[in-house]
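Please look over the sequence and the structure below before reading on. The paragraphs that follow lead through selected features one after another.

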Amino acid sequence: MPALSVPRGAQGLLFYNSGEPSFVESDADHPLALRSQFVSVDAYHGLQWRAADFVKPSVAPGCMVKLLRSDPLTHAHSLLYCMTPNYWQDNISYHDCCEESYHIWGTSTMMQFGALPTGGYFWRPEWINHGAFASELGVLGFGRTHSQLHNYFHFNPWSSPAENRERAAAQLRRHKPNLSRWVRSPDGHNHPHDFEYPAFEYEDEDGG
Ligand SMILES: [Fe+2]
């Protein structure tokens, strides 16, 4: 990263995946830096709000996004999102990825967790029920996921994280029966290999 400066001061919002980096002054990249993946965007002037329909099934109309970055290999997202005034969604969602969010402005209210105001933050692990939710005056927020965001919607507020995970796996069996069967087979389950990205470091591998 080069030196940063702004004319009137600013607040920085920094997110890290696995821990704080060690900042070392240098005129060269770290050997593992993903220079080709660096994105610099003026999200206020340079991007327009769009429907959040790249996530299927999608959230209720009125939640718009500016997708800042989508990792091409994992589909992990970094995005700005807004909710229009009087936004509401009456179902319950969970994901197979974790997600985190920071409210730049506005308050939304979640059935399970209460109100998240301006400056509020959450990190939510996978499989956790969240929703219904609503916002009286609207929200501007920043969010991230660690892999592809899929909305598993339902209307059972009492389902447990384990039941939600079972349900997601059952959906995978229905939607992709051949792949699911192969991954569970003795030959298939052991570290599937992508010839296109042989060096990708998988989270679920312990070096073995
Ligand atoms: Fe979510």
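Arg35 lies over the face of Phe38, 5.7 Å from the ring centre. A charge is said to sit over a ring if NZ of Lys or CZ of Arg is within 6 Å of the ring centre and within 35 degrees of the ring normal. A further case is Arg124, placed over the face of Phe122 at 4.2 Å from the ring centre.

A note on the model is needed here. The model is predicted, so local features need pLDDT of at least 70 and side-chain atom pairs count only at pLDDT 80 or more, while totals for chains, interfaces and linings use all residues. Residues are numbered from 1 along each chain as its sequence is written, and side-chain values use heavy atoms, with hydrogens and water left out.

The next topic is the sheet. Helices (H or I, at least four residues) and strands (E, at least two) are DSSP runs, numbered from the N terminus. Two strands pair if DSSP finds at least two bridges between them. Strands of a sheet pair through backbone hydrogen bonds, either parallel or antiparallel. In this model, an open sheet of 6 strands has the order 1-2-3-11-6-9, and the pairing is antiparallel. Strand 1 (50-51) and strand 9 (121-124) stand at the edges; each has a single partner strand, so one side of each is left without a neighbour in the sheet. Strand 9 pairs with strand 6 (residues 99-106) in the antiparallel sense over 4 bridges. Within this pairing, Tyr121 of strand 9 is the bridge partner of Tyr102.

Tyr121 also belongs to one aromatic cluster together with Phe15 and Phe142. Rings of Phe, Tyr and Trp (its six-membered ring) pair if their centres lie within 6.5 Å; planes under 30 degrees apart count as stacked, over 60 as edge-to-face and the rest as tilted. The structure holds 6 aromatic pairs. One of them, formed by Phe15 and Phe142, is tilted, with 5.0 Å from centre to centre and 50° between the planes. Phe15 lies in the segment before strand 1 and Phe142 in strand 11 (residues 139-145), so the pair ties together parts that are 127 residues apart in sequence. Phe142 counts as buried, because its relative accessibility is 13%; buried means under 20% relative accessible area, exposed over 50%, and partly exposed in between (1.4 Å probe, protein chains only).

How are the rings of Tyr94 and Tyr152 arranged? Their centres are 5.1 Å apart and their planes are at 10°, so the pair is stacked. This pair links distant parts of the chain, with Tyr94 in strand 5 (residues 92-94) and Tyr152 in strand 12 (residues 152-154), 58 residues apart. Tyr94 is buried, with a relative accessible area of 0%, and Tyr152 is buried at 9%.

Attention now turns to the iron ion. Which protein atoms are the donors of the iron ion? They are His95 (NE2), Glu99 (OE), Glu99 (OE) and His130 (NE2), lying 2.1 to 2.7 Å from the ion. Donors are N, O and S atoms within 2.8 Å of the metal (3.2 Å for Na, K and Ca); water is not among the atoms, so sites may look incomplete. The 4 donor atoms subtend angles of 52 to 138° around the iron ion, which makes the arrangement irregular. Four donors count as tetrahedral if all angles lie between 85 and 135 degrees; four count as square planar and six as octahedral if opposite donors are over 155 degrees apart and all others between 65 and 115; anything else is irregular. Along the chain, the donors follow the spacing H-x3-E-x30-H. His95 lies in the loop between strand 5 and strand 6, and His130 in the loop between strand 9 and strand 10 (133-135), 35 residues apart. His95 is buried at 4% relative accessibility, and His130 is buried at 7%.

The last topic is the backbone. Most residues other than glycine have a negative phi, and most peptide bonds are trans. The loop between strand 9 and strand 10 contains Trp127, whose phi is positive, near 75°. Trp127 is buried, with a relative accessible area of 17%. Ala132 is found in the loop between strand 9 and strand 10, and a cis peptide bond joins Gly131 and Ala132, with omega about 5°.
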